[in-house]
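Here is a short note to read beside the model. Please keep the structure open and find each part as it is named.

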Amino acid sequence: MMRLPAFTYLAPRALDEAARMLADHGLSAMAVAGETDLYPNMKRRQFEPKVLVGLRGLRELQGVRGNERDGLTIGAGTVLRDLTAHPLAAAWFPVLGRAAELISNPQIRHMGTVGGNLLVDTRCNYYNMPYWWRKSISFCMKKDGNVCWVAPGGSKCWAISSSDLATVVIALDAKVRARAAEQVLIGQKLDGGVIDAAADAAFKPAKPLDNTDLTLRYRKQMVRVYVGRALKELAGIHAEEPPSHI
Ligand SMILES: Cc1cc2nc3c(=O)[nH]c(=O)nc-3n(C[C@H](O)[C@H](O)[C@H](O)COP(=O)(O)OP(=O)(O)OC[C@H]3O[C@@H](n4cnc5c(N)ncnc54)[C@H](O)[C@@H]3O)c2cc1C
Ligand code: SF4
């Protein structure tokens, strides 16, 4: 069994108190909210904070507010479950609720927060391992080592974000575009043939990395499947329920 290392837990009652605690303890402190990502990472010694500042009780970080003109403000401490059915999110950005609803299982959605999901640690087969396993390969440059086992000649970490909400937030800001698939869709009625062609156009240039769950080939194939499912859902065409994917 992997155990948590010793640490001091601070429970601020207000946001400014939390900010002061984090500032006072500098790099030896970390924030913690729903505890679903940070605690397992601490058990594997991927993070070794001496002080944790608990944000769970802070009402200022809770809730979704806004209006149609100014957009939504989503409190970082809002639990994923509360985003899934929030009427404001459902009215203006239904994709946010839909993405939150597809995250993992009810337990994680009940505990995990929006802020924690956006800042969830990256995943990699050489890194999400117990301390002794990482030690047996002399660690990697993300923590305690010098080399990246995914690209040994390189100078950067290729670990992958597993945050479904981050993907959606980036997409809403249109920073990432699947241009070939866009070209297939522009001016077309969303029917089965157009959807298949767009899914294929998204699949072809996709280059998943080979350092996370399942095989590279499978994950590339799934680009076609997930793009097709998303477009079918948008068009109101029945699509089978996607599986939870972590
Ligand atoms: C079994 C399992 C399956 C999962 N499946 C999925 C999945 O399918 N899709 C997906 O997207 N995610 C998945 N996750 C990730 C999950 O969504 C995150 O663990 C969760 O959202 C993290 O939220 P938390 O509040 O528990 O964060 P914590 O564990 O409390 O913190 C995570 C990180 O965020 C930082 N942090 C948290 N809140 C704040 C804040 N307000 N300000 C500054 N820093 C902050 C912490 O310091 C820490 O670095 C899965 C996790 C598990 C354990
Ligand atoms: S991508 Fe490389 S440096 Fe990053 S976690 Fe994986 S092995 Fe380590």
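Predicted model: local features only at pLDDT ≥ 70, side-chain atom pairs only at ≥ 80, totals over all residues.

1. Start with the hairpin: 3 residues link S4 to S5. Strand S4 covers residues 64–67 and strand S5 covers residues 71–74; the two run antiparallel and are joined by 4 bridges. One place to look is Asn67, which stands opposite Gly71 in S5.

2. The next item is a sheet. In general, the strands of a sheet are paired by backbone hydrogen bonds, in either a parallel or an antiparallel way. Here 3 strands make an open sheet with parallel pairing, and their order is S1-S3-S2. Strand S1 (8–10) and S2 are the edge strands, since each of them pairs on one side only. From one strand to the next, the twist averages 25 degrees.

3. Within that sheet, look at one pair of strands. S1 pairs with strand S3 (residues 51–54) in the parallel sense, over 3 bridges. Thr8 has Val51 in S3 as its bridge partner.

4. Which residues touch the most other members of the largest nonpolar core? They are Leu80, Leu83, Ala89, Leu96, Ala100 and Val114, in a core of 13 residues. Helix H3 (80–84), helix H4 (87–92) and helix H5 (94–101) supply at least two residues each. H5 gives the most, with 3 residues.

5. How many residues surround ligand 1? There are 30, and the closest are Gly34, Ser104, Gly112, Gly115 and Gly116. Strand S2 (29–32), helix H6 (106–111) and helix H7 (114–118) are the elements that give two or more residues to this shell.

6. Domain 1 (1–60) and domain 2 (62–121 + 162–176) each provide at least three residues of the shell.

7. Ligand 2 is surrounded by 13 residues. The closest are Cys124, Tyr127, Cys140, Cys148 and Cys157. What is the make-up of this shell by class? Around ligand 2 there are 11 nonpolar residues, with 1 polar and 1 charged.

Methods
Residues numbered from 1 in each chain as written. Chains lettered and ligands numbered in written order. Near = placed C-beta within 6 Å. Domains from an automatic or database assignment. Nonpolar A, V, L, I, M, F, W, Y, C, P; charged D, E, K, R; others polar. Pairing = 2+ DSSP bridges. Axes fitted to C-alpha atoms, helices over the stretch in contact; angles between N-to-C directions. Core = buried A, V, L, I, M, F, W, Y, C linked by C-beta atoms within 7 Å. Buried ≥ 20, exposed ≤ 12 C-beta atoms within 10 Å, placed from the backbone.
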